[in-house]
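Dear colleague,

Please find below the structure that I am handing over to you. My notes on what was found in it follow directly after.

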Amino acid sequence: MPEETLLAFDFGEKKIGIAIGNTLTRHARPLEIIFSERRDERFGRIGQLLQEWQPQRVVVGLALNTDGGEQPATQRCRRFANQLHGRFGLEVELVDERGSSMEAQQRLGTNAPDDAMAAAVILQRYLDRLP
């Protein structure tokens with residue numbers, strides 16, 4: 001597998017956590033949080049990050065119920081993933097995000113916003129399952 005840069009997104013209606021990683025090191029790290037509810041601002045910043053980091057694909061956390069079933073947030077995550085693909089032409093992978101916020105809080109050890117760390121947890125899950 002050739003080396004790929006990846007960006008991951010922990011999608012929320014009020015903020016979006018973003019992480020970066022690559023398939024060579026198989027390590028994910030938090031990048032930033034977009035604090036905006038306005039679609040144009042969100043996608044403007046995402047476009048800047050995509051231009052800066054030039055990822056070959058992106059990963060989006062998929063919100064599921066504890067039993068793995070879908071919920072209203074699941075469709076919002078899918079819609080966001082479809083918008084990323086449609087706007088930027090990148091391959092998008094969906095990864096189960098159950099428990100990622102709790103794991104992010106444990107890693108941070110604070111009550112600071114955990115969305116970027118949650119995105120790193122999601123991306124690390126994706127990297128860990130690569131062959």
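A salt bridge is a side-chain nitrogen of Lys or Arg within 4 Å of a carboxyl oxygen of Asp or Glu. By that rule, the count between domain 1 and domain 2 is zero. Please keep in mind that this is a predicted model.

The two domains come from the domain assignment of the protein chain: domain 1 comprises 36-56 + 66-94, and domain 2 comprises 95-130. Their centres, taken over C-alpha atoms, are separated by 17 Å.

How do the two domains meet? Five residues of domain 1 are in contact with five residues of domain 2. The size of an interface is often given as the accessible area lost when the parts come together. Here, domain 1 and domain 2 bury about 370 Å² between them, and 49% of that area lies on carbon and sulfur atoms. On the side of domain 1, the residues that lose the most area to domain 2 are T66, E93 and L94, which together account for 78% of what that side buries. The side of domain 1 that touches domain 2 consists of one nonpolar, two polar and two charged residues. One residue pair is in polar contact across this interface.

A separate finding concerns two strands. Strand β2 (residues 15-22) pairs with strand β3 (residues 27-35) in the antiparallel sense, over eight bridges. Within this pairing, G21 has A28 of β3 as its bridge partner. The two strands, β2 and β3, form a hairpin with four residues between them. In the turn, R26 has a positive phi of about 55°.

Yours sincerely

Technical notes
Residues are numbered from 1 along each chain as its sequence is written. This is a predicted model: local features need pLDDT of at least 70, side-chain atom pairs count only at pLDDT 80 or more; totals for chains, interfaces and linings use all residues. Side-chain values use heavy atoms; hydrogens and water are left out. Domain bounds come from an automatic or database domain assignment. Contact means heavy atoms within 4.5 Å. Buried area is the accessible area (1.4 Å probe) that two parts lose on being put together, summed over both. A polar contact is a pair of N or O atoms within 3.5 Å; within protein, one must be able to donate a hydrogen and the other to accept it, and residues adjacent in sequence count only if both atoms are side-chain atoms. Ala, Val, Leu, Ile, Met, Phe, Trp, Tyr, Cys and Pro count as nonpolar, Asp, Glu, Lys and Arg as charged, and the others, Gly among them, as polar. Two strands pair if DSSP finds at least two bridges between them.
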